[in-house]
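Please look through the sequence and the 3D structure shown here, and then read the briefing that follows, which is grouped by topic.

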Amino acid sequence: DHLVDWGVTEAQAFDAARGNLEALPSDLTSPDRPAVVRFVDDGNAYFVSRLLLDGWLAGLEPVVGGRPVAFAPDNNTLIVAALADDALAGLIDVVEQEYREAVRSVSPCPYSVDERGAVVPYAVPGGHPLHGPLSRATGILAGERYGSQAAWLEAQYEHDGTDVFVAQLIVV
């Protein structure tokens with residue numbers, strides 16, 4: 001509805017949003033050792049949305065001291081750390097708790113960058129020490145998102161008087 005009110009196309013709206021994000025200041029400096037950066041939004045910085053800007057997360061490599069891995073447990077929090085298994089293991093637990101307690105949760109999963117600097121889900125091969133915790137985070141995200149979709153469908157079908165079974169996703 002906003003697009004109609006504004007008289008713009010979807011592409012124009014996204015181009016304007018990207019331009020606005022790129023114009024926001026970034027006062028980060030490079031640390032003398034790997035660091036964890038916690039961005040807490042006051043409603044005007046759109047830190048989580050900045051993940052959608054090509055190269056933004058990759059540009060934090062000198063700030064965190066290595067390949068960046070980002071977590072967005074809720075719409076106002078972005079945590080970025082250098083890729084280091086020992087640090088990530090602890091962060092995964094913290095982020096899961098914040099995600100579960102959030103009013104407007106986003107994801108318990110970590111994201112990193114590929115060789116082109118594009119944001120991608122952070123993944124490790126089976127047998128890797130983080131494979132279990134990362135699989136758990138992915139399962140939690142899938143279960144909660146599917147659960148909210150199933151609840152919406154059930155309410156819609158009940159409202160329409162349609163007798164349809166909506167399966168539940170059970171994560172074990």
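Arg38 counts as partly exposed, because its relative accessibility is 45%, where buried means under 20% relative accessible area, exposed means over 50% and partly exposed lies in between (1.4 Å probe, protein chains only). This is a predicted model, in which local features need pLDDT of at least 70 and side-chain atom pairs count only at pLDDT 80 or more, while totals for chains, interfaces and linings use all residues. Residues are numbered from 1 along each chain as its sequence is written, and side-chain values use heavy atoms, with hydrogens and water left out.

**Salt bridges**

- The structure holds six salt bridges, a salt bridge being a side-chain nitrogen of Lys or Arg within 4 Å of a carboxyl oxygen of Asp or Glu.
- One of them joins Glu98 to Arg38, with the closest N and O atoms 2.8 Å apart, and this pair links distant parts of the chain, since Glu98 is in helix 4 and Arg38 is in strand 1, 60 residues apart.
- Helices (H or I, at least four residues) and strands (E, at least two) are DSSP runs, numbered from the N terminus, and the helix that holds Glu98, helix 4, covers residues 85–101.
- Is Glu98 buried or exposed? Glu98 has a relative accessible area of 19% and is therefore buried.
- When neighbours within four places in sequence are left aside, Glu98 is in contact (heavy atoms within 4.5 Å) with Arg38, Pro73, Thr77 and Ile79.
- Another salt bridge is formed by the side chains of Glu144 and Arg100, at 3.5 Å from N to O, and this pair also links distant parts of the chain, with Glu144 in helix 5 and Arg100 in helix 4, 44 residues apart.
- Glu144 is partly exposed, with a relative accessible area of 32%, and Arg100, at 46% relative accessibility, counts as partly exposed too.
- Both of these residues belong to a network of salt bridges that links Glu96, Arg100, Arg136 and Glu144.
- The side chains of Asp114 and Arg116 also meet in a salt bridge, at 3.0 Å from N to O; Asp114 is buried, with a relative accessible area of 18%, whereas Arg116 is exposed, with a relative accessible area of 67%.

**Aromatic rings**

- A pair of aromatic rings is described by the distance of the centres and the angle of the planes.
- How many aromatic pairs does a search of the whole structure find? The search finds two, where rings of Phe, Tyr and Trp (its six-membered ring) pair if their centres lie within 6.5 Å, and planes under 30 degrees apart count as stacked, over 60 as edge-to-face and the rest as tilted.
- The rings of Phe39 and Phe47 have centres 4.8 Å apart and planes at 40°, so this pair is tilted.
- The pair of Phe39 and Trp56 is tilted as well, at 5.8 Å centre to centre and 55° between the planes.
- Phe39 lies in strand 1 and Trp56 in the loop between strand 1 and helix 3, so their pair ties together parts that are 17 residues apart in sequence.
- Phe39 is buried, with a relative accessible area of 7%, while Phe47 counts as buried at 16% relative accessibility and Trp56 counts as buried at 16%.
- Phe39, Phe47 and Trp56 form one aromatic cluster.

**Nonpolar cores**

- In soluble globular proteins, nonpolar side chains tend to be buried together.
- The largest nonpolar core has 19 residues, of which Phe39, Trp56, Leu57, Leu60, Leu78 and Val80 touch the most other members; a nonpolar core is a set of buried Ala, Val, Leu, Ile, Met, Phe, Trp, Tyr and Cys residues joined through side-chain atoms within 4.5 Å.
- At least two residues of this core come from each of strand 1 (36–40), helix 3 (61–64), strand 2 (68–74) and strand 3 (77–82), and strand 3 gives the most, with three residues.
- A second, separate core has 12 residues, including Val69, Ile79, Val124 and Leu134.
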